[in-house]
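I wanted to go through this model entry by entry and write down what I looked up. The notes follow in the order in which I made them.

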Amino acid sequence: MERQHVKERRIMTSLETQHEVEQFLYYEASLLDDGKYDEWLEQFTDDLQYFVPIRETLDNPEEGVGDISDITLMIDNKDSLGLRIARLGTGMAHAETPRTRTRHNVNNVIITEVDDETLAIRCNVNVSASRLERTEFSFYGYRFDTVKRVDGKLKIAQRKVILDQTLLPRTISILF
């Protein structure tokens, strides 16, 4: 199944599948907000591709979004995400000591493709964050997730986060 996600289309799925996908994404977001990073990492496949491309403001918004082969704000696999998470527990991640309080809001969940046990999903995401009682910021955008069923459970195999901002308020140390 091709995962370009340039032109989305909504396909009809069962209400049960739609509900399962939404509950999975809401649960995954709550793990981040609760600081349960190890459990969050378990929501991904071992061959994960996770990236946040740089966005450029152009007349055609689709042309202003990079891909995994371009320069990105963040590019990770499951191992590198694991290293980032492990670093949070060392006290050496100064941008996250103490941990930033976040609220991940996921909405407008649309299943765009279904192929055997693989789903392509587009959703909007807003991450509000507060740090040290004096800094607040928000990230807005949308995500393309490729979700697979592994041993009966949904897991994310690829995540592409497209932020609406082209200028970021701070170093990105939070996860999407």
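I began with the largest nonpolar core, which has 37 residues, and I noted Trp40, Tyr50 and Phe176 as those with the most contacts inside it. I took a nonpolar core as a set of buried Ala, Val, Leu, Ile, Met, Phe, Trp, Tyr and Cys residues joined through side-chain atoms within 4.5 Å, with buried meaning under 20% relative accessible area, exposed over 50% and partly exposed in between, for a 1.4 Å probe and protein chains only. At least two residues of this core come from each of H1, helix H2 (37-41), E1, H3, E3, strand E4 (118-131), E5 and E6.

This is a predicted model, in which local features need pLDDT of at least 70 and side-chain atom pairs count only at pLDDT 80 or more, while totals for chains, interfaces and linings use all residues. Residues are numbered from 1 along each chain as its sequence is written, and side-chain values use heavy atoms, with hydrogens and water left out.

I then listed the contacts of Phe176, where contact means heavy atoms within 4.5 Å. Leaving aside neighbours within four places in sequence, Phe176 touches Leu32, Tyr50, Val52, Met74, His104, Val127, Phe139, Arg143, Arg159, Val161 and Leu163.

Next I looked at the overall layout. I found three helices and six strands in the protein, and from the N terminus on they run α-α-β-β-α-β-β-β-β; helices (H or I, at least four residues) and strands (E, at least two) are DSSP runs, numbered from the N terminus. Of the 176 residues in the protein, 45% are buried. Among contacts between residues at least 6 apart in sequence, 62% join residues at least 24 apart. The accessible surface comes to about 9,800 Å², with 48% of it belonging to carbon and sulfur atoms; the areas come from the Shrake-Rupley method with a 1.4 Å probe, and for residues only the protein chains shown count as cover.

How many salt bridges does a search of the whole structure find? The search finds nine, a salt bridge being a side-chain nitrogen of Lys or Arg within 4 Å of a carboxyl oxygen of Asp or Glu. One of them joins Glu28 and Arg143 at 3.7 Å, N to O. Since Glu28 lies in helix H1 (residues 15-33) and Arg143 in strand E5 (residues 135-150), this pair ties together parts that are 115 residues apart in sequence. Glu28 is buried at a relative accessible area of 0%, and Arg143 counts as buried at 1%.

Glu28 also meets Arg159 in a salt bridge, at 2.7 Å from N to O. This pair too links distant parts of the chain, with Arg159 in strand E6 (residues 153-163) and Glu28 in helix H1, 131 residues apart. Arg159 counts as buried at 0% relative accessibility.

For Asp46 and Lys78, I noted a salt bridge with the closest N and O atoms 3.3 Å apart. Asp46 lies in strand E1 (residues 44-53) and Lys78 in helix H3 (residues 78-88), so the pair ties together parts 32 residues apart in sequence. Is Asp46 buried or exposed? Asp46 counts as exposed at 69% relative accessibility, whereas Lys78 counts as buried at 16%. Salt bridges that share partners join Glu28, Arg143, Asp145 and Arg159 into one network.

I turned to H3 itself, whose buried residues are Lys78, Leu81 and Ile85. They cover an arc of only 60 degrees around the axis, so they sit on the same side of H3; the arc is that of the directions from the helix axis to the C-beta atoms. The buried residues of H3 pack against H2, E1 and strand E2 (72-76), while the face turned away from the buried side carries the exposed residues Asp79 and Leu83.

Last, I checked backbone angles. Most residues other than glycine have a negative phi. Asn108, which is not a glycine, has a positive phi of about 50 degrees; Asn108 is placed in strand E3 and counts as exposed at 51% relative accessibility. Asp151 also has a positive phi, near 50 degrees; Asp151 is in the loop between E5 and E6 and counts as exposed at 79% relative accessibility.
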